[in-house]
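This report describes one protein model for a reader who is new to structures. Please look at the sequence and the model first.

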Amino acid sequence: MNEAVQERRIRLTSGEMANLWTSYMNDSLSVCTLSYFLAHAQDPQIRSVLQYAYDLSAKHVRRVAHLLTEEECPVPQGFTDKDVDLNAPRLYSDTFFLLYIGNMGKFGLTAYSFALATSSRADIRAYYSECMASATELFNRSLESLLEKGLHLRSPEIPKPRQVEFVHDQNFLGNFLNIGRERPLLGQEISNLTYNIERNLLGKPLIMGFSQTARDKEVRRYFERGRDMAQKHVEVFGSFLKREHLPVPATWDTEVTDATTPPFSDKLMTYHITVLIASAWGQYGSSTSVSPRADLATAYSRLSLEIANYADDGANLMIKNGWLEKPPQAVDQVALAKA
């Protein structure tokens, strides 16, 4: 038996099956989103980056569908051309398109690295290794374009250390009651605050556009709540930088037009936001782990709880409307025993 045949006979693990399912859902969403962006983008450089991202997502959809079919697993419904109206008026500017793609590259690096690390089969590892390489290329292309156009949000600079120092005071960790003056922010803490501000600054105009084009009133209210929450999180994170006299990035709210015709289905928009919320939740946890100051840990914990509640409401909204596809799951042995 040759190695290729033997490899194909190895069953998918729970992690591999889950990763492929999630990849299909997210890439089919990207195909719809980017096809609409391409229908309206005018800047040649931005169109080039968008086209590269679109081609990657379309390729991934076909590749994952093939892998699942080979395993006799159902291919998710995901999102199709029924979830996007390419003739809808422009909802976002070219600047927003490029900012979105820059964030998409970062999102891909995180998602694909996890998928690679939790895969065992050689063909699945090869696939996600390719995805990592293409996500890196997308990130670099978008970043170069952002830098050329003066749109890249750089993390604030801090002085170079003059010598190696060690911590000898418990005040380095701060206190949860926030009594007295906290020590200056560490470089890693500044970087994470800036990154979380950047994500919310991009998420806010995205969800603003969704809120003014959603058909269902309950969905629209859900987006309005998310818009306000993003603004609140920017202000909370920004307050830490301001106390250190560090710059806070400007908003991108003006990159949304006054269009009210929906380019996307309510289902796609709601799922889109739940995916971003889940990613933000994970990022807040990661930021907490590298932020020793107690007041920062408190803020991240409080805002993470807000995100968790918002994500839960989004999932319930999708279930109510019959939009939530069930991911692969374990066998319910209790139910089988009662059958």
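## Overall build

Of the 339 residues in the protein, 48% are buried, where buried means under 20% relative accessible area, exposed over 50%, and partly exposed in between (1.4 Å probe, protein chains only). The model is predicted, so local features need pLDDT of at least 70 and side-chain atom pairs count only at pLDDT 80 or more, while totals for chains, interfaces and linings use all residues. Residues are numbered from 1 along each chain as its sequence is written, and side-chain values use heavy atoms, with hydrogens and water left out.

The protein has 10 helices and 0 strands; helices (H or I, at least four residues) and strands (E, at least two) are DSSP runs, numbered from the N terminus. A compact globule with 339 residues would have a radius of gyration near 20 Å, and the 22 Å of the protein agrees with this. That radius is taken over C-alpha atoms, and the globule rule is 2.2 Å times the number of residues to the power 0.38. Along the principal axes, the C-alpha atoms fill a box of roughly 65 × 50 × 45 Å.

## Aromatic pairs

A pair of aromatic rings is described by the distance of the centres and the angle of the planes. Rings of Phe, Tyr and Trp (its six-membered ring) pair if their centres lie within 6.5 Å; planes under 30 degrees apart count as stacked, over 60 as edge-to-face and the rest as tilted. By this rule there are 18 aromatic pairs. Phe37 and Phe97 are stacked, because their ring centres are 4.4 Å apart and their planes are at 25°. Phe37 belongs to helix H2 (residues 14-40) and Phe97 to helix H4, so the pair links distant parts of the chain, 60 residues apart. Both Phe37 and Phe97 are buried.

Tyr222 and Tyr310 are also stacked, with ring centres 4.1 Å apart and planes at 5°. Tyr222 lies in helix H7 and Tyr310 in helix H9 (residues 294-320), so this pair ties together parts 88 residues apart in sequence. Tyr222 counts as buried at 6% relative accessibility, and Tyr310 counts as buried at 1%. Ring pairs link a cluster that includes Phe37, Phe97, Tyr222 and Tyr310.

## Charges over rings

A charge sits over a ring if NZ of Lys or CZ of Arg is within 6 Å of the ring centre and within 35 degrees of the ring normal. Arg141 lies over the face of Tyr52, 3.9 Å from the ring centre. The charged end of Arg243 sits over the ring of Phe240, at 4.7 Å from its centre.

## Two loop residues

Glu72 is not a glycine, yet has a positive phi of about 60°. Glu72 is placed in the loop between helix H3 (44-70) and helix H4 (94-117), and counts as exposed at 76% relative accessibility.

His245, another residue that is not glycine, has a positive phi near 60°. His245 is found in the loop between helix H7 (217-243) and helix H8 (266-289). With a relative accessible area of 74%, His245 is exposed.

## A residue of helix H7

Asp228 lies in helix H7 and is partly exposed, with a relative accessible area of 44%. Asp228 and Lys204 are 24 residues apart in sequence, and their C-alpha atoms are 8.0 Å apart in space.
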